[in-house]
Structure formats: structure tokens, C-alpha cells
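Please look through the structure shown below with the briefing that follows, which is grouped by topic.

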Amino acid sequence: MAVTSASRSPVRVLIVGAGAVGCFYGSRLHRPDADTGEHVLVSLVCRSNYAAIVERRGVEMRTRAYGDYLFSPEFVFPSIAAASEKGIRWDYVVVTTKALPDLGDDSSVVSPVATPQTSIVLIQNGVGVEEPYRRRFGADVQILSAVTVVSAEQISPGIVVQNRWTRIHVGPFVKGRWDQSGTVIGENGPDHLAAKRFVQMLKDGGVGDAEACTEQQLQVIRWHKIAINGSMNPSAVLSNGTPNAEMTEDDELRHHLRQCMEEVFRGASAVLGIPFPPAGLATADKLLKSIGRNTGARPSMLVDWEHGSRMELEVILGNPIRMARERGVEMPRLEAMYGLLKMAQKRRDEKVRDNKERHLQTKL
Ligand SMILES: NC(=O)c1ccc[n+]([C@@H]2O[C@H](COP(=O)([O-])OP(=O)(O)OC[C@H]3O[C@@H](n4cnc5c(N)ncnc54)[C@H](OP(=O)(O)O)[C@@H]3O)[C@@H](O)[C@H]2O)c1
């Protein structure tokens, strides 16, 4: 008898962090009625949008690439504990929370659902996001690292809009898992195969530009994205909300942005041990040119700042600065922006807390 996708056991995927990126990629991976390829069942762990998603019976997706549709996951959980109680052996646990190591260790969040059979996939911005997971799980758990340039947002609870682009690279993070190079970390090692399988599942779901890469290639892409995020994001906040393209049109700011990118390139070169950017990846001038063409784009850090939310300062600035510094490379522009924004965020949060306390006292 031919093995159809329906007769094979499904691939179970748990998305932790049902926001813009989680719902977007979750909705493409979910293929409950697949005729070809893998039969994939996606579930969501929600937080503030749990009630809205249950009420809508799924997530309303408004996408540029695939039109409008309702994404109805297999299960919607209000917490990781609820997902764990279900007793499912998850093949992939995909982490799509904002990476905020200054608030807490997300690796402890996924601990109840991670088994040696699980691949943890981190689709988050920044560098150094994998380390806390490796520290917690040791060599037992497979970690995949992913970088995306999708432009998506959750415009209200349970409604996700994808504005432009989908591009995602996925690679293994074997550091600390396999001690010596050998077949296990080669192209046919289990971690690479898990990355390739995940990419194939995305492709089956219509994400044509998903690409599997090696660990080194993936880290190169992470650092190259830091050249954009580490320069544009903090500068947009510090210039009082200037959109990306407008920043590149101002002579002084353009010079500053180019210098920031060059700093990141020097740091990346020291950390990764290769000339940076390697052939095929855009130089600072090319990046600035393409950012200048993308009018209206506002970095996520600016949106977070305006909403009074935590900014991903540690993974976009703090980690790169510390990693480069360990290798003797300073990044003075990034260091200045990091110090200023960390303090601005602290004072903003203190002010909010004080106001709340004052409000409470007046009510009493
Ligand atoms: N959006 C983009 O276009 C884009 C593009 C490239 C890269 N990225 C990166 O992708 C990552 C995710 O970004 P995003 O835009 O999808 O963020 P997002 O829309 O804010 O989604 C994050 C989600 O995670 C949830 N969450 C946080 N902690 C949780 C926990 N402990 N348990 C369960 N849920 C939790 C949040 O819930 P609450 O609502 O309750 O906080 C929120 O729903 C970030 O690293 C970002 O920089 C985003």
C-alpha cells in the first residue's frame, strides 16, 4: 500500500509566542490535509491574545504573499504548562517571542516541552540568542537557528498582517553539542537534516525563499542583519522616530549609519574569523541604498519604544558589543547608543511604575 501523508504520523509543531512572526510561519507550516509532503499539525502557545484567538477560532491572516485566510491551529494553549499537559511529543518547538534576555530566560519557558526528540527552532533577531538554550539543555536537545526578514505585525489580538517580503534562513546550532567536527556535524548530520526538513516543510507551505544553511553561514547572516538592526533601530529611536529611509537622506545621519555598519562588520570579522561582509553580502553603501529605497519602513525597536514595550537591546546591541569586545574590538557608536537607550528605557519604566503607584495611592 502506498504511504500517503494521511497514513504517516504527523509532524507536530508547537509555536511559542503567537505574535506576528509565530502566526505567520505557523500558518504556512500547518498542513492538516496535505496531499503531498509532510502532514504537519501546528499548535500555538499564546499569552495576551489567547481569548481573542479562541473566540475567532484561529488567527485572521492578511498576507501580501498568500492573500487573506483563517489559520486554525490544531490546539491553542493559554500557557506552556497547558501544552505540556497534553502529553504530545513535539517534533519542533518554534520560539518566536521577542528575544529579551534582560527580562528572563526564555529557555526556561520551553523546558517543559523540550525532549531529546525535539528540535528547538529560534526565529528571533539578534546574535547570541542560542546560548541560553545550549546552557540549559546541554548536548541533549537539537537547536536550530533562523533569521527572517519578513515584515509582519499583529495589528490587534488575533489579526496578523504581513506587509512585504518573506525570506528565512535556517541552520543548525551545534556548538556545545558535538565536540569535534565529524560526520555528525556535516551536511548529513542529524542537526542539518532537521534544518533541511524544517525548510522543506516551509517550502511545502508555499514559502519559496526558505533556505537551509550551515551553522557558519547562519551566523554570518545573523551578523549581517545586525549591521542593519544595530544601526537603524537605535538611531530611529534616538532621532525621535525618524523612519529608515529618511535617516539615510540626512548627510550626518547617513555618515553615522555607515560608521555603525562598519563597526559591526569589524566585530563580525573578529567573532567569526572571516573577512566581513563576505562575497555575496551587501556592503554598508549597498545596504544604505536599499534601505533608502524602502520608504515608510520603521524599525521594530522604534515601534516597541513608542508602545512603551521592552526593546530587544541586549540581542541587537549588548551581545554583539560584548562578543566583539572579548576579541579586542570596540564598537564606540553602538556602545554609546546601547548605554543611552538602556538608561532611557530604565527611566521610562521607572516613571510608569511611579505613576501607577501614585495613581493607586490616590485611589486609596
Ligand atoms: N515582525 C517582523 O516583521 C519581524 C521581522 C524579522 C524579525 N523579527 C523578530 O522575530 C521575533 C518575534 O517578533 P514579532 O514581531 O513576532 O513579535 P510579537 O508580534 O511581539 O510577538 C511575540 C509574541 O510572543 C508572546 N510571548 C512573549 N513571551 C511569551 C511567553 N513567555 N509565553 C508565551 N508567549 C509569549 C507575546 O505575547 P504578549 O502579546 O502577551 O506579549 C507575543 O504574542 C523578534 O525577535 C523580532 O525581532 C520580527
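Arg62 of strand 3 (residues 59-63) stands opposite Val161 in strand 10, and these two strands, with strand 10 covering residues 159-164, pair in the parallel sense over 4 bridges. Strands pair here if DSSP finds at least two bridges between them, while the helices (H or I, at least four residues) and strands (E, at least two) are DSSP runs numbered from the N terminus. The model is a predicted one, in which local features need pLDDT of at least 70 and side-chain atom pairs count only at pLDDT 80 or more, whereas totals for chains, interfaces and linings use all residues. Residues are numbered from 1 along each chain as its sequence is written, and side-chain values use heavy atoms, with hydrogens and water left out.

- Strand 3 and strand 4 form a hairpin, with 3 residues between them.
- The open sheet to which these strands belong has 4 strands in the order 4-3-10-9, with mixed pairing.
- Strand 4 and strand 9 stand at the edges of this sheet with a single partner strand each, so one side of each is left without a neighbour in the sheet.
- From one strand to the next, the twist averages 20 degrees, an angle taken between N-to-C directions on a scale from 0 to 180 degrees, with axes that are lines fitted to C-alpha atoms, for helices over the stretch in contact.

- Strand 11 (residues 168-172) pairs with strand 12 in the parallel sense over 3 bridges, and Val170 stands opposite Ala212 in strand 12.

**The ligand and its surroundings**

- The ligand is surrounded by 21 residues, of which the closest are Val21, Ser48, Val150, Ala152 and Glu312; a residue is near the ligand if one of its heavy atoms lies within 4 Å of it.
- By class, this shell has 8 nonpolar, 9 polar and 4 charged residues, where Ala, Val, Leu, Ile, Met, Phe, Trp, Tyr, Cys and Pro count as nonpolar, Asp, Glu, Lys and Arg as charged, and the others, Gly among them, as polar.
- Helix 1 and strand 9 (151-156) each supply at least two residues of the shell.
- An oxygen atom of the ligand lies 3.0 Å from a polar side-chain atom of Arg47, and an oxygen atom of the ligand is 2.8 Å from an N or O atom in the side chain of Ser48.
- A backbone N or O atom of Ala152 lies 2.8 Å from an oxygen atom of the ligand.

**Backbone details in loops**

- Phe276 and Pro277 are joined by a cis peptide bond with omega of about 0 degrees, and Pro277 has its place in the loop between helix 9 (251-272) and helix 10 (284-293).
- Arg57, although not a glycine, has a positive phi of about 60 degrees, and Arg57 is found in the loop between helix 2 (50-56) and strand 3.

How values were computed
A polar contact is a pair of N or O atoms within 3.5 Å; within protein, one must be able to donate a hydrogen and the other to accept it, and residues adjacent in sequence count only if both atoms are side-chain atoms.
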